[in-house]
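Try each task before you read its solution.

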Amino acid sequence: MNLAHEFLVEDREFTSYDDFVKNCRLKAPENFNFAYDIVDRYAREQPDKRALVWIDDNCDKEKVFTFADISRESKRAAYWLTLKGIKKGDTVMLILRRRYEWWILMPALHRIGAIVIPATDQLLQADIEYRANAADVKMIISYDNPHILEEIEKAMPKSETVKYKVTVGPAREGWISFHDEYEKVDPEFPRPVGEAATHNNDPMLMYFTSGTSGYPKMVLQDFVYPIGHIMTAKYWHCVVDDGLHLTIAETGWAKATWGKLYGQWICGTAQFVYDMNMLKPDKMLQMISKYGLTTFCAPPTVYRFLVRQDLSKYDLSKCRRFSTAGEALNGEVYNKWLEKTGKKIYEGYGQSESTIICGNFMEFCEVRPGSMGRPNPLYKVEVLNPNGKPVPAGETGELCIHVEDGRPFGLLMGYHKDVSLTAEAFDGGVYHTGDNVYMDDDGYVWFVGRKDDIIKSSGYRISPFEVESILQKHPAVLECAVTGVEDSKRGMAVKATIVLSAEYADKDPKEMEVEISTFAKENTAMYKCPRIYEFVKDLPKTISGKIRRVEIREKDKGKDADKIKQEF
């Protein structure tokens, strides 16, 4: 049994993409709450149904939770939170990486109606101070990593709204021990009524998104946001009832609620959580094989590492669906994966502000390597020019979502405490994604870049992703970021910042520049070819693993291309 059918206007198999677009619609019951209406429903009707399989990084600890377990422990946690004064509308920050307590505390906070702020353990003192003050955070719950605990402690003198510091690890001076206290309270928490009850349009979740400049934006999602992720889980991930799904994401990233909680549990599949300290491709493949994962999702960067392994050593036969999001997937990785495994990678696209916006849905969306698929039926997507007019097929414009007839399931309520930014995002009756794309004659959407990533050189508009895709076909290029730098002759020149693969890492940079430059000139138009190459050990990335081209641009700002070229 799975509960997805409760929210589908038509619960049936769709015969084509056109049928999917025309007839796939979702509905929400009044006052929907994920904890009571999904977790507790499974606990009542299928108490032994598997919800979570958690493995620690050393693979010597394993915990399996049923929905009855999650229901009981999240009620216990909710009761404990209220004893600490947490109430509806309060904000609580969770810095739990991939600890299993995240899957207990998320529904616990939903029960209360508190606003959850998932956050990454990569935050430093200033990041925590900003988030605590911007969102009036009342409690921070963290796992027992000495570094992040120290950063939280350093942030406290300037974080006046924070009343409680809680650790899910051993007792620590100045901290509340979650397990020592919450395990002593009763696992009872009746559904609130009256003013304490939650409603569909109440704020439930807040994400701080890493923008290209300025402070992170505070994205607010409401209580029906989980329903929108049925599209993510059922029609893109294609999870199966009683299956086992893994999305590689730390819980501080919005991709966690995309792939590690809402839609997957609604659709009846269990979550596989590998609490790894760092990605080790061979161990990840062992996990997929050993535990018989049925569906898997990872960013393109992870596939670039996995595809370099001897995949014949691992049994991937039970995994019926591989998917990717976070960055556009270049065709080279897709083709190598298909060649080595016989399995396709199904791309999807969305934001912290949304559920899946475009994707290769089910089997009726043909996979076209490099395309992020076709629009989600819940979103009326259009590619618009700066004047808000639709552009012809093949022409680049901004991907926008129409909201004239109301805000669709899964699209943000707005940006917390920022009326002007919210108004700007929804200007002209559409939500502006800020991403430049083009749509081909068949309705497939192709990512070009963030609006401010486009390189204008000698009158040409150059997509960073297009150049990166060419460079990544060379075996020496593990990762790369293409940016524009000031050039007195061309306006901008194309620069490639490259991380070399292990077998090329010790080679002379000048020799590698010649080799990769020659390769680029043989495989793409001259105007797109980088004039400047920089070789680095790591690329700057957001907490979600997306490459921060803006950081590279800032480093090069004010320098002419010739000067930068001399530096390397």
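This is a predicted model: local features need pLDDT of at least 70, side-chain atom pairs count only at pLDDT 80 or more; totals for chains, interfaces and linings use all residues.

**Exercise 1.** Which residues of H4 are buried?

Solution. Trp102, Trp103, Ile104, Leu105, Met106, Pro107, Ala108, Leu109, His110, Arg111 and Ile112 are buried in H4, where buried means under 20% relative accessible area with a 1.4 Å probe and protein chains only. Helices here are DSSP runs (H or I, at least four residues), numbered from the N terminus. Next, take the count: 11 of the 11 residues of helix H4 are buried, so the helix is largely enclosed by the rest of the structure.

Residues are numbered from 1 along each chain as its sequence is written, and side-chain values use heavy atoms, leaving out hydrogens and water.

**Exercise 2.** How do the axes of helix H5 and helix H6 cross?

Solution. Start with the axes, which are lines fitted to C-alpha atoms over the stretch in contact, with angles from 0 to 180 degrees between N-to-C directions. Those of H5 (residues 125–134) and H6 (residues 146–155) come within 8 Å and cross at roughly 55°. H5 and H6 are therefore oblique to each other; angles under 35 degrees count as roughly parallel, over 145 as roughly antiparallel, 65 to 115 as roughly perpendicular and the rest as oblique.

Terms used
Buried means under 20% relative accessible area, exposed over 50%, partly exposed in between (1.4 Å probe, protein chains only). Helices (H or I, at least four residues) and strands (E, at least two) are DSSP runs, numbered from the N terminus.
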